[in-house]
Amino acid sequence: MSEPARAASRKCVLFDVDGTLIDALDNQRRVWTTWASRYGLDPDTVYRTALRTRPSETFAVVAPDRDPRQCLAALHELEDEDVRSGVYTAFEGASQLLTDLPLGCWGLVTSNYEHRVRGRFARTGLPVPVVVVDAAAVEEGKPSPVPYLLAAERLGAAPEDCLVIEDAPSGVASGLRAGMTVWGVNVPVAVDGVHRHFESLREAVPDILAFATGGHRPSVG
């Protein structure tokens, strides 16, 4: 068997970050609430919109008369400060899972920026993998398949050999469009399209490890 064929058969696990490995819900709400107050906007309306859209789309909806570059700069300032001073918690099972996964078989795919991910992981004691696909790495974010396809390429894995762990509809759609197996975690009701649903990350740990080590191979479709 050729070297490229061996590389393509590797099984890899690709994780979303916020809501999947790290509980950042309170932090996100706090950042958006502070941002909304700066612009005299209703925090609840802003936050509900931000949950469904990327920042540029959020600004277009809630502050169409504002300079989107200034809006983004203010948001980035608040998010960076939150990474420095906020309180973060890793979901139960995350530390064990990332420590036990074989080296080089997993990566992160996030709509955030890598320096913030590294800051949050440092605060929670989670290991950072070699492959981190962040918002700066792609022109098309989730639900486009591009982020997950890029992560697979960097890991040397074929899409059909990748398992995506997500909590949000946009991330689930991204993984499915990339032709990968997608499992949902940390939500009480399964997101449409997931191949398996777990109410918590901890519950999914044994099966994720089994997939990565060859003990279980879920089918797509």
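The structure holds one cavity of 30 Å³ or more. On a 1 Å grid over the protein atoms alone, a cavity is a set of points where a 1.4 Å probe fits but cannot get out. This is a predicted model: local features need pLDDT of at least 70, side-chain atom pairs count only at pLDDT 80 or more, and totals for chains, interfaces and linings use all residues. Residues are numbered from 1 along each chain as its sequence is written, and side-chain values use heavy atoms, with hydrogens and water left out.

The largest cavity has about 70 Å³ of space. Its lining includes Arg54, Asp134 and Lys142. The lining residues split into five nonpolar, three polar and three charged.

Next, helix H5. Helices are DSSP runs of H or I, at least four residues, numbered from the N terminus. H5 covers residues 68-85, and its end C-alpha atoms are 26 Å apart. Which H5 residues are buried? Cys71, Ala74, Leu75, Leu78, Glu79, Asp82 and Val83. Buried means under 20% relative accessible area, with a 1.4 Å probe and protein chains only. Their cover includes helices H2 (25-38), H4 (55-62) and H7 (114-124). At the start of H5, a side-chain oxygen of aspartate 67 comes within 2.9 Å of the backbone nitrogen of arginine 69.

Last, proline 129. Proline 129 sits in the loop between H7 and strand E5 (131-133). Proline 129 is buried, at 8% relative accessible area. Glycine 107 is 22 residues away in sequence, yet 5.7 Å away in space, C-alpha to C-alpha.

Methods:
1 Å grid on protein atoms, 1.4 Å probe; cavity = no way out; pocket = protein on both sides within 12 Å on 5 of 7 lines; lining within 4 Å. Points joined across faces, edges and corners; volume = space filled by probe spheres on them. Nonpolar A, V, L, I, M, F, W, Y, C, P; charged D, E, K, R; others polar. Helix = DSSP H or I, 4+ residues; strand = E, 2+ residues; numbered from the N terminus. Expected span 1.5 Å × (residues − 1). Buried < 20%, exposed > 50% of the residue type's maximum accessible area, 1.4 Å probe, protein only. Contact = heavy atoms within 4.5 Å. Polar contact = N/O pair within 3.5 Å; in protein donor to acceptor, adjacent residues only side chain to side chain.
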